[in-house]
Amino acid sequence: MELVAGCYEQVLFGFAVHPEPEADGHHEKWAPVADFTHHAHTASLSAVAVNSRFIVTGSKDETIHIYDMKKKVDHGALMHHNGTITCLKFHGNRHLISGAEDGLICVWDAKRWECLKSIRAHKGHVTFLSIHPSGKLALSVGTDKTLRTWNLVEGRSAFIKNIKQNAHIVEWSPKGEKYVVVILNRIDVYQLDTASVSGTITNERRVSSVTFLSESVLAVAGDEEVVRFFDCDSLTCLSEFKAHDNRVKDMFSFETPEHHVLVTASSDGFIKMWKLAQDKVISPSLLCEVNTNARLTCLGVWLDRGTDTKESLPAAAEPAPISKEQSRSNKEESGQAIQEEERQPKPDAEKCSLTGDSNKPTKGNSLVSAKKRKTVEMSEKKRKKKKI
């Protein structure tokens, strides 16, 4: 497995973790070993997502970078958004969904790295999105004070709910029977069958990250050193423990045959792995930790489980580089298409199901190699200097 974390210092860190039994044979030794650093962005990292082969990172530099974990190489950059990339989510190995401050949600083909659909999702920024386990629905929240449900089979809006405040996190439960919406330090629990709030959890500080440990237990981290476990049914705090010396920025949970693991990343520079007890009332025990000496912002865990036969990836083709000028014209064409679509009262839905094959991609795709992008940026700077 590989721990990956982005930071304010524009770097993505990768640490390989290989659990090894101790000499007595009873305990496991988890030791993160520095594996790579990826410095592809020109601004701080804001989001990270992983599937069975790739790691993608979003940044304030408005680009999404792709890192091939099998080959350990930069796979190129997606340059469709105009604004900070705020959220990235994979669904299986076939699709990636991105959201940004430009108000767009984009559905990407994760094989050819083409934009299948560009949706004008929110009037303000898209702050967070979450995909239902079935891949048929997605939820998004934005700075227009709305919670929006998306039909991903037809690529259109299914439901809009005014929530009176700007939410910054939305998350489905593992089975998709409930979801939570986070506004500052308040966590509203919704039931899917009624689409209404069944209860509210209040954290002591503003919430920075949540992750479901089971269908009913939610781990909550905020602008503090403590992580708390809440029961979403009884709305009570089951336990809390001090995880770091500074605020916890992000969390990720996964299960191995032997353990249920929670990973935390903090502004103190540490990434820590915790072994969860079966009874969540008992605080977890520390498996290992590593100090990056950086201000961490986002976290992911790459699990080398091989590719699913149903979602197998073809041999990776080298991305066809395009210039920044082409990328800009693609954005303009895509923006015009969205405006035309919004003018129509009942547009024909463009299929972009995450559970099946999609239609041909729109013109809003942009896969640029990192080398080409830097060359173009340098030539543009030289051109500006000549003008001056």
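V181 touches V141, L147, I163, A167, I169, V170, R186, I187, D188 and Y190, leaving aside residues up to four places away in sequence. The model is predicted. V181 is also one of the residues with the most contacts inside the largest nonpolar core.

**Nonpolar cores**

- The largest nonpolar core has 25 residues.
- Those with the most contacts inside this core are L147, V181, I187, V210 and L218.
- Two of these residues, L147 and I187, are also among the residues that V181 touches.
- Strand β19 gives the most, with five residues.
- A second core is separate and has 23 residues. Among them are A265, L287, L296 and L299.
- In soluble globular proteins, nonpolar side chains tend to be buried together.

- Six bridges join β28 (residues 270–275) to β29 in the antiparallel sense.
- I271 has V290, in β29, as its bridge partner.

**Salt bridges**

- Side chains of opposite charge can pair when their charged atoms come close.
- D68 and R53 meet through their side chains at 2.9 Å, N to O.
- This pair links distant parts of the chain, 15 residues apart. D68 sits in strand β8 (residues 64–68), while R53 is in the loop between β6 (45–50) and β7 (54–59).
- D68 is buried, at 1% relative accessible area. R53 is buried too, at 11%.
- R156 and E154 form another salt bridge, with the closest N and O atoms 2.4 Å apart.
- R156 is partly exposed, with a relative accessible area of 38%. E154 is partly exposed as well, at 27% relative accessibility.
- E240 and R228 also form a salt bridge, with 3.1 Å between the closest N and O atoms.
- The E240 and R228 pair links distant parts of the chain, twelve residues apart. E240 belongs to strand β25 (residues 237–242), and R228 to strand β24 (residues 226–231).
- E240 counts as partly exposed at 42% relative accessibility, whereas R228 counts as buried at 5%.
- R228 and E240 belong to a network of salt bridges that also links E204 and E224.

**Cysteines**

- A disulfide is a covalent bond between the sulfur atoms of two cysteines.
- For C106, the closest cysteine sulfur is that of C115. The two sulfurs lie 4.3 Å apart, too far for a bond, because a disulfide requires sulfur atoms within 2.5 Å.
- C106 is buried, with 0% relative accessibility.
- C288 is also buried, with a relative accessible area of 7%.

Terms used. Residues numbered from 1 in each chain as written. Predicted model: local features only at pLDDT ≥ 70, side-chain atom pairs only at ≥ 80, totals over all residues. Heavy atoms only, no water. Buried < 20%, exposed > 50% of the residue type's maximum accessible area, 1.4 Å probe, protein only. Pairing = 2+ DSSP bridges. Helix = DSSP H or I, 4+ residues; strand = E, 2+ residues; numbered from the N terminus. Core = buried A, V, L, I, M, F, W, Y, C linked by side-chain atoms within 4.5 Å. Contact = heavy atoms within 4.5 Å. Salt bridge = Lys/Arg side-chain N within 4 Å of Asp/Glu carboxyl O.
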